[in-house]
Amino acid sequence: MSEYESALSGKRVLVTGGSSGIGLAVAQKLKGYGATVAISGRDQAALDAAAQEVGAIAVQGDVGVEADANRMVESLVNEAGGIDILINNAGFGRFDMLLETSAEDMESVWRTNVLGAFMVGKAAAAHMVKQQAGTIVNVASTAGLKGFARGTAYASSKFALRGMTECWRDELRRHDVRVVLCNPSEVITDFSRRAGGSQQPHPKKLIPADIADAITGALVTDPRGFVPEFSVFATNPF
Ligand SMILES: NC(=O)c1ccc[n+]([C@@H]2O[C@H](COP(=O)([O-])OP(=O)(O)OC[C@H]3O[C@@H](n4cnc5c(N)ncnc54)[C@H](OP(=O)(O)O)[C@@H]3O)[C@@H](O)[C@H]2O)c1
């Protein structure tokens, strides 16, 4: 058994937004190392296709709806007896100038990226505190490190996620629960298209598997220690 398999085999994992992009790549990678994986997303057909591809449990729902957020965690706990790892990844962007950003746009981005992450994180943390073990990986963004034009809704949501991560980390490490922040730079996924934009393909831009590799590396660190935060950049996408 490889070092990664012995650290991850049998671990019970929930990946929110596991039907596409980064979440799907993380689900695939962890399943490959022997973890029991549940994935969530709103689009039932996309979720079912991804779950079949990965061999994962599918839990349809919207992280921004509290009953759904709780059900995502409870489904894994009921099926597998607990939750060891949460990849708090579901998210989307809107990229308008301040004067074109409506309160509704702002609220919808924050509902998924901040409130959704909070609700799933809280539900998972309740079990992890009882177990006195577990790891939460919040998937933020380099947009949560530095603001930019058109970033009012998205960048602010990722700054907020980073702030929440620091609070949870301080509270939960006292229960042997690790809270990790992952800040991907641009990754080739459906994210830009869904945000109403487009993405220039480039063979040296990051792909979802790169983020999955980085997250897996943080997860296999012995539970005695943890990587609090990391960013992932493409080396030379110019
Ligand atoms: N791609 C990038 O360049 C990049 C860079 C930095 C950070 N990120 C972050 O990485 C995360 C994953 O993004 P991605 O690039 O992999 O995008 P993606 O391919 O569009 O995947 C997003 C996933 O999240 C799910 N999702 C979105 N809103 C949801 C909600 N309210 N409830 C439940 N599931 C929801 C989507 O499924 P449904 O739509 O079916 O719900 C999908 O499975 C996001 O948090 C994003 O902000 C992405």
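Predicted model: local features only at pLDDT ≥ 70, side-chain atom pairs only at ≥ 80, totals over all residues.
1. Overall build. The protein chain holds eight helices and seven strands. Its radius of gyration is 17 Å, close to the 18 Å that the globule rule gives for 238 residues, so the chain is as compact as a globular protein of that length. Along the principal axes, the C-alpha atoms occupy a box of roughly 50 × 35 × 35 Å.

2. Ligand shell. The ligand is surrounded by 30 residues, of which Gly17, Gly21, Arg42, Asp43 and Gly91 are the closest. Sorted by class, this shell contains 15 polar, nine nonpolar and six charged residues.

3. Elements that supply the shell. At least two shell residues come from each of helix H2 (21–32), strand S2 (36–41), helix H5 (103–131) and helix H7 (191–194). H2 gives the largest share, three residues.

4. H2 against H8. Helix H8 spans residues 208–219, and its axis lies 8 Å from that of H2, at an angle of about 55°. The two helices are therefore oblique to each other, and their crossing is right-handed. On the H2 side the contact is made by Gly21, Ile22, Leu24, Ala25, Val26, Lys29 and Leu30, and on the H8 side by Pro208, Ala209, Ile211, Ala212, Ile215 and Thr216. Ten of the contact residues are nonpolar, two are polar and one is charged. Gly21 takes part in this contact and is also among the residues closest to the ligand.

5. H5 against H6. Helix H6 covers residues 152–172; its axis and that of H5 come within 9 Å and cross at roughly 15°. An angle under 35 degrees counts as roughly parallel, and H5 and H6 are therefore described in that way. The crossing is right-handed. From H5, the residues in contact are Asp105, Met106, Val109, Trp110, Asn113, Val114, Ala117, Phe118, Gly121 and Ala125; they meet Ala153, Tyr154, Ser157, Lys158, Ala160, Leu161, Met164, Trp168 and Leu172 of H6. By class, this contact has 14 nonpolar, three polar and two charged residues.

6. H4 against H5. Helix H4 runs over residues 66–80, and its axis comes within 9 Å of that of H5, with a crossing angle of roughly 35°. This crossing too is right-handed. H4 contributes Glu66, Ala69, Asn70, Met72, Val73 and Val77, while H5 contributes Gly116, Met119, Val120, Ala123, Ala124 and His127. The contact divides into eight nonpolar, three polar and one charged residues.

7. H5 in context. H5 packs with H6 and with H4, and also supplies at least two residues of the ligand shell. Its residues facing H6 include Ala117 and Gly121, whereas those facing H4 include Gly116 and Val120.

How values were computed: Residues numbered from 1 in each chain as written. Near = placed C-beta within 6 Å. Helix = DSSP H or I, 4+ residues; strand = E, 2+ residues; numbered from the N terminus. Nonpolar A, V, L, I, M, F, W, Y, C, P; charged D, E, K, R; others polar. Axes fitted to C-alpha atoms, helices over the stretch in contact; angles between N-to-C directions. Parallel < 35°, antiparallel > 145°, perpendicular 65-115°, else oblique. Left-handed = near helix turned anticlockwise from the far one by under 90°. Contact = placed C-beta atoms within 7 Å. Rg over C-alpha atoms; globule rule 2.2 N^0.38 Å.
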